[in-house]
Amino acid sequence: MHIPDGILPASVCAAGYAATVPIAWYSIHKIRKGGDPRENIPKASLLTAAFFVASWIHIPVPPTSVHLVLNGLLGVVLGHFAFPAILIGLFFQAVMFQHGGLTTLGVNAIVMGFPALLSYYIFRFGNIFRKDSNIIAGVFGFLAAFCAIGLSVSIFVVVLITNIPGGFDVSTERAAIYTLALAHVPLMFIEGAFTAFVAVFLRRVQPKLLVRA
Amino acid sequence: MGRKWKLVICITSLLIILGLPTEVHAHGVVIKYTSDIEIEIVATYDTGEPMDGAQVLVYAPDDPSTPWLTGVCDDKGHFTFTPDTSKPGIWDVKIRQAGHGGIIHIPVGEDAVATGSSGGGYSGLQIVLMAACVTWGIIGTALYLSSRKTARKRA
């Protein structure tokens, strides 16, 4: 789901950065308002490392393969830290492995980071139930990650389909993009189930690690 | 024929033989050669998976905006073409599939090189080592900050 350098026109890359700045600012603003940010930095660092490595875990979905994203998990566990964490993870992926790109860092941050922030709010929506239980944590954990991947794929598809360069056969490229998007449907369930499991597990052993407030 | 004429014929023949050029022309032979450079592109994802069915655009040096050739990679991610050697310079090959792809610059002519790559070309071990270094750096930072916080609380 990482868009590499040279795929998008310069204007779209610039728009990606332009959209990333206010979201990063909003996240940092909320982090500062939430008390001492240093308390959550170890947790954010660990999950940044998990996000960084997760893109190398591929799941074969014939005729292609998809890799783990974990943006829903980061949203559920990190809250407002999720967007900066993903931004840092994407930067390292682009610099170290050319996975993604520096010109498309902003666009990729929107593709994967914005849904992570949204998944935090989806998970927090579980607070409308007075009784906190494993079922609620599991259901909203699943929904958060499920929607995060779904939204990421939707943004990815829209960005690519509206920016197919001249020379390439549009219908062939569209078909390839739709195939890749469909291949992410199993990933929505896999990451949803995994995040639900983590949410229930953390609620049992260390509820403070879950950002529900 | 008198002896005198026989002697003249022998001397003349000898002179003709000795006077022949050293270059010998037998049957007419025309030997030509044309230098056809076939370039094979191999496109794979960084996982090693071939870019089966990826679209390929080839641009000649004299017109970098209009594709000189278009095509599709086969099921092994291979695409072969023969550039026009009358157009020396850098040939660009763009490959794309579902938003993934890249561009490779291939010199044709005097500066031609046998092989080239556009990717990072890291081995599996290098990737694991780099991932381990970055992960350890991030986790180490987390542990360092965590230990400082604990030390402050104890103090």
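The model is predicted, so local features need pLDDT of at least 70 and side-chain atom pairs count only at pLDDT 80 or more, while totals for chains, interfaces and linings use all residues. Residues are numbered from 1 along each chain as its sequence is written, chains are lettered from A in the order in which they are written, and side-chain values use heavy atoms, with hydrogens and water left out.

**The interface.** Select the residues in contact (heavy atoms within 4.5 Å): 29 come from chain B and 38 from chain A. Together the two chains bury about 2800 Å², 66% of it on carbon and sulfur atoms; buried area is the accessible area (1.4 Å probe) that two parts lose on being put together, summed over both. Next, pick B:Gln55, B:Arg96 and B:Ile138, which supply 24% of the area that chain B buries against chain A, more than any other three residues.

**The salt bridge.** Display A:Glu173 with B:Arg96: their closest N and O atoms are 3.0 Å apart, forming a salt bridge (a side-chain nitrogen of Lys or Arg within 4 Å of a carboxyl oxygen of Asp or Glu). The count between the two chains is 1 salt bridge.

**The aromatic group.** Move to A:Phe52, A:Trp56, A:Phe91, A:Phe92 and A:Phe97, which form one aromatic cluster. Rings of Phe, Tyr and Trp (its six-membered ring) pair if their centres lie within 6.5 Å; planes under 30 degrees apart count as stacked, over 60 as edge-to-face and the rest as tilted. The whole structure holds 12 aromatic pairs over all chains. The ring centres of A:Phe52 and A:Phe97 lie 5.5 Å apart with planes at 25°, so this pair is stacked.
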